[in-house]
Amino acid sequence: MWRRDAIAALVAERGDAITITTEQAIGAWRAAVPEALNEIPHHLDIVGCMGSASTIGLGIALAQPTRAIIVVDADGSLLMQLGSLVTIAGAAPANLHHFVFENGVYETSGSQPLPAEGRFDLAQMARAAGYAHAMQFSDAAAFAAALPDVLRQRGPVFVSVRTEPEDGYLVRSSAGTRLDVQMHALRERLAAR
Amino acid sequence: MVQASPVALSVPAAAIVGELRRNEITHVVNVPDTHQRTLLAELARQSEMRLITACTEDEAIAISAGLWVGGQRPILSIQHVGLLAAMNNLKGIAMDARIPTCMLVGYFGRDVTRPARENAARAIRLIEPTLDTWGVAYFPLERPEDLPVLARAYRYSTEHCEPSVVLIGAPTS
């Protein structure tokens with residue numbers, strides 16, 4: 001499926017979840033949401049610490065157990081900190097949904113193939129690590145249809161989303177907003193609730 | 001033969017836990033450090049502060065950042081070589097994103113009869129110069145009477161939105 005279709009489905013079903021994107025998902029998410037640039041509430045674009053989107057999400061999930069947390073990760077990013085699957089499973093946040101977009105390449109740096117691409121299975125790794133649920137989708141219509149039920153499942157939930165490689169862009173700090181500004185703003189918004 | 005007297009003395013784990021309580025710490029995110037094993041055991045025996053174990057120190061810094069964003073008061077417990085392993089997230093999260101990140105860092109394997117900077121072990125003697133290079137504030141905890149540095153380090157971190165390091169000189173008891 002195309003990344004934009006999967007992102008559109010997630011945006012449509014996100015509700016009031018705190019959302020976290022990283023790498024190539026950042027631009028697609030920003031293109032899909034109706035809010036103006038830099039005005040997406042309860043959202044973080046994670047850059048500058050590759051592989052950390054899901055563990056930042058874990059921390060927020062533990063701190064805010066009544067809020068749903070949606071992390072939109074990437075395969076190359078997850079491989080940078082693969083042990084985080086076990087860390088997340090160990091902490092067992094019921095409110096964390098971890099989507100990993102798998103296109104099999106390091107798109108940002110020129111679409112070099114991942115090591116052992118096609119021979120490993122991240123969803124099976126997540127299941128073996130101890131996630132409550134793990135699944136994979138490669139068809140956009142099936143993904144969109146299943147998403148409401150997936151988001152109702154008790155976490156941690158791992159969802160592998162197989163997407164086509166595209167022409168990546170150079171990911172800059174939050175397409176305009178620095179990470180420090182985003183993180184401090186989200187903390188203030190959560191404190192004000 | 002005259003034995004060299006220690007420069008660093010052990011600090012009781014119970015005293016550190018008491019200091020963490022006084023600082024209203026909510027979560028201790030750790031990658032297990034042999035140097036702080038009694039502290040981790042003491043933390044495991046209580047339920048006021050949640051003890052979270054991460055696989056890597058990079059993860060620990062990220063989890064701590066998420067907890068802080070969510071309104072909590074986390075602290076990290078890691079080993080000195082783990083600090084070196086986590087320089088990417090120390091920069092990318094604690095420094096660039098200006099997240100208060102206070103870390104208890106154990107000098108595992110240190111010769112306690114010598115100052116850290118004069119230890120034979122490279123990773124130990126290079127910690128303070130490394131932190132100096134990166135501009136990270138550090139607070140040596142060399143003996144029980146130094147315990148107030150924990151509050152100072154935590155306050156420094158929250159007030160400046162920067163990382164800070166409490167260097168634990170001798171194994172906790």
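A nonpolar core is here a set of buried Ala, Val, Leu, Ile, Met, Phe, Trp, Tyr and Cys residues joined through side-chain atoms within 4.5 Å. The views below are taken from a predicted model.

**View 1. Centre of the largest nonpolar core.** This core has 65 residues, and among its members A:Ile56, A:Ile60, A:Phe158 and A:Met183 touch the most others. Helix H3 of chain B, residues 57-69, gives the most to this core, supplying eight residues.

**View 2. Surroundings of A:Ile56.** When neighbours within four places in sequence are left aside, A:Ile56 is in contact with A:Leu44, A:Ile46, A:Cys49 and A:Met183 in chain A, and with B:Ala62, B:Gly66 and B:Ile93 in chain B.

**View 3. The contact between chain A and chain B.** Chain A brings 24 residues to the contact and chain B brings 27 residues, and the area buried between the two chains is about 2,000 Å², with carbon and sulfur atoms giving 62% of that area.

**View 4. Polar links between the chains, and the chain A side of the contact.** One salt bridge is counted between chain A and chain B; it joins B:Arg98 to A:Asp180, whose closest N and O atoms lie 3.2 Å apart. Ten residue pairs, both residues at pLDDT 80 or more, are in polar contact between the chains. On the side of chain A that touches chain B, helix H3 (53-63), helix H5 (84-91) and helix H8 (179-192) of chain A each supply at least two residues, and the residues of this side divide into twelve nonpolar, ten polar and two charged.

Terms used
Residues are numbered from 1 along each chain as its sequence is written. Chains are lettered from A and ligands numbered from 1 in the order in which they are written. This is a predicted model: local features need pLDDT of at least 70, side-chain atom pairs count only at pLDDT 80 or more; totals for chains, interfaces and linings use all residues. Side-chain values use heavy atoms; hydrogens and water are left out. Contact means heavy atoms within 4.5 Å. Buried area is the accessible area (1.4 Å probe) that two parts lose on being put together, summed over both. A salt bridge is a side-chain nitrogen of Lys or Arg within 4 Å of a carboxyl oxygen of Asp or Glu. A polar contact is a pair of N or O atoms within 3.5 Å; within protein, one must be able to donate a hydrogen and the other to accept it, and residues adjacent in sequence count only if both atoms are side-chain atoms. Helices (H or I, at least four residues) and strands (E, at least two) are DSSP runs, numbered from the N terminus. Ala, Val, Leu, Ile, Met, Phe, Trp, Tyr, Cys and Pro count as nonpolar, Asp, Glu, Lys and Arg as charged, and the others, Gly among them, as polar. Buried means under 20% relative accessible area, exposed over 50%, partly exposed in between (1.4 Å probe, protein chains only).
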